[in-house]
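Hi,

Here is the structure I promised to pass on. Have a look at it first, and my notes follow below.

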Amino acid sequence: MNFSLYIAQRYLKSASKNNAINIINRIASLGIIFGAAALFIVLSVFSGLIDFSLSFSNSIDPDLKASSTFGKSFFISKEQNAQLKKIDGVAAYSAIVEERVLFVFDGKEQVTVLKGVDAEFNIVNAIKKSVFNGQWLAPNTSQVVIGAGISQKLSVGVLDYNNPFEVYVPRAGKGDIQQQEDAFNKTVLTPIGIYSITEELDMKYVFCDLQQAQLLLDFKPNQVSGIELKLKSPNDEAQVIRKLQSIFNQKLTIKNRAQLNDALYKMLNTENMAVYLIFTLVIIIVLFNLVGALIMMILEKKNNLKTLYCLGVEVKDLRKIFLLQGTLLSTIGGIIGLLIGSIVVLAQQYFQLIMITSTLAYPVNFTFQNVVIVFLTITSLGFLASLIASSRVTKRLLE
């Protein structure tokens, strides 16, 4: 066994004759253990909050979304449609049409996005699960599903026939407009369902049949705004993107779920980093106890170190004793802290010990990524603290 490691293990296991040093060692050990546990619990809680926040957008966003790079719409030929069906890794895909339009009901107006969807949309997207009132629209009808925010803003309900739910879509073209009919395509729609996700998303979309949206926008039957895809596995993403670009000759902009919500992801990742740095600073402060404990150990073992030095042990090897001692203490404390933190997180995840409401448990998420982050943080900071303390072993001290 390595000489320095052997001595470091002996010092780590044996109690000091000085009771004050033993107390400081215990404080340093407990600080590392609870610091590691606290850091892991906080990161797990934040991971749970991230998953909880993203679950709302995940219910309305596809795995991949392809849209035209050079305009608002593009055409899908029969050959391209056949090639889409043969792409490995695609579980289902849906053609969509999107456009901001004006909705009018009982004298109230609201500008939002009309989204035309086909029969495959419910396979690609989980929005149907968010319909709390009424039902999902039927194909080839004038039925629509609206958000709860739009329903409240316009005071429109399901199957409300007291007033017409009208949509106005600006017509494309040139020349002077003589009357309102020349400026807009207009039709009456029937609200058949109301969905609810978040306050923002409830104001974003009105879903209608794809052919109805194409008719309002003067689109051809094979003209769409985008294609939404559901993947068989997240690992298929890169391959599917390459196939799509090949089929459409690099004329599509393809985004995954993170890119569709890049602002939200950036905000959550920034907050996660801020929380990590704050708790890392707390651990750094805790590790000052480790530095103090090692320095006091060096002073207590000064005579033993002199003896070893006189017997021919080099100063660097004597330094390594306390470097290894501090690193071992940090590693063991980090492992114990991770075990405690894991028990707490898993208990909350599976038994829902802490509740936000009577039906919603405080979200946590156990991930091995957080385990690795906490372990590397504790061991690396413990190594640096031990390096600082071991630098007190010098020739001047031993002579």
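A word on terms before anything else: contact here means heavy atoms within 4.5 Å. This is a predicted model, so to speak of local features we need pLDDT of at least 70, side-chain atom pairs count only at pLDDT 80 or more, and totals for chains, interfaces and linings use all residues. Residues are numbered from 1 along each chain as its sequence is written, and side-chain values use heavy atoms, with hydrogens and water left out.

Let me start with Ser225, which sits in the loop between β10 (223–224) and β11 (226–231). Helices (H or I, at least four residues) and strands (E, at least two) are DSSP runs, numbered from the N terminus. Is Ser225 buried or exposed? Its relative accessible area is 8%, so it is buried. The cut-offs are under 20% for buried, over 50% for exposed and partly exposed in between (1.4 Å probe, protein chains only).

Leaving aside neighbours within four places in sequence, Ser225 is in contact with Ala66, Ser67, Ser68, Lys72, Ser73, Phe74, Ile96, Val97, Glu98 and Phe219. The Ser225 side chain also reaches the backbone nitrogen of Glu98, at 3.0 Å. That is a polar contact in the sense of a pair of N or O atoms within 3.5 Å; within protein, one must be able to donate a hydrogen and the other to accept it, and residues adjacent in sequence count only if both atoms are side-chain atoms.

Asn261 is another loop residue, between α9 and α10 (262–300). Asn261 counts as buried because its relative accessibility is 15%. With residues up to four places away in sequence not counted, Asn261 touches Ser57 and Asp61.

**Salt bridges**

Side chains of opposite charge can pair when their charged atoms come close. The rule used is a side-chain nitrogen of Lys or Arg within 4 Å of a carboxyl oxygen of Asp or Glu, and by it the count comes to 7 salt bridges. Here are some of them:

- Arg257 and Asp63 meet at 3.2 Å, N to O. This pair links distant parts of the chain, 194 residues apart: Arg257 is in helix α9 (residues 257–260), and Asp63 is in the loop between α2 (19–58) and β1 (64–68). Arg257 is partly exposed, at 21% relative accessible area.
- Lys72 and Glu99 meet at 3.4 Å, N to O. Lys72 lies in the loop between β1 and β2 (74–75) and Glu99 in strand β3 (residues 90–105), so the bridge ties together parts that are 27 residues apart in sequence. Lys72 counts as exposed, with 63% relative accessibility.
- Lys186 and Glu166 meet at 3.2 Å, N to O. With Lys186 in strand β8 (residues 184–195) and Glu166 in strand β7 (residues 165–170), the pair ties together parts that are 20 residues apart in sequence. Lys186 is partly exposed at 47%, whereas Glu166 counts as buried at 14%.

There is also a network: salt bridges that share partners join Lys65, Glu98, Lys115 and Glu228.

**Aromatic pairs**

Rings of Phe, Tyr and Trp (its six-membered ring) pair if their centres lie within 6.5 Å; planes under 30 degrees apart count as stacked, over 60 as edge-to-face and the rest as tilted. That rule gives 12 aromatic pairs. Why is the pair of Phe40 and Phe366 edge-to-face? The ring planes of Phe40 and Phe366 are at 70°, with the centres 5.6 Å apart, so the pair falls in that class.

Phe105 and Phe165 form a tilted pair, 6.5 Å centre to centre with 55° between the planes. Phe105 lies in strand β3 and Phe165 in strand β7, so this pair ties together parts that are 60 residues apart in sequence. Phe105 is buried at 2%, and Phe165 counts as buried at 1%. Ring pairs also link Phe121, Trp136, Tyr195, Tyr205 and Phe207 into a cluster.

**On the surface**

Leu346, Tyr350, Phe351, Leu353, Ile354, Ile356 and Tyr362 make a nonpolar surface patch of about 780 Å². Patches are made of residues with over 30% relative accessible area and no salt bridge, with like charges joined within 9 Å and nonpolar side chains (Val, Leu, Ile, Met, Phe, Trp, Tyr) within 5 Å. Accessible areas come from the Shrake-Rupley method with a 1.4 Å probe, and for residues only the protein chains shown count as cover. Ile354 is found in the loop between α12 (315–351) and α13 (368–390), and counts as exposed at 53% relative accessibility.

Lastly, Lys86 is in the loop between α3 (78–85) and β3, and is exposed at 67%. Lys86 and Gly147 are 34 Å apart in space, C-alpha to C-alpha, and 61 residues apart in sequence.

Cheers
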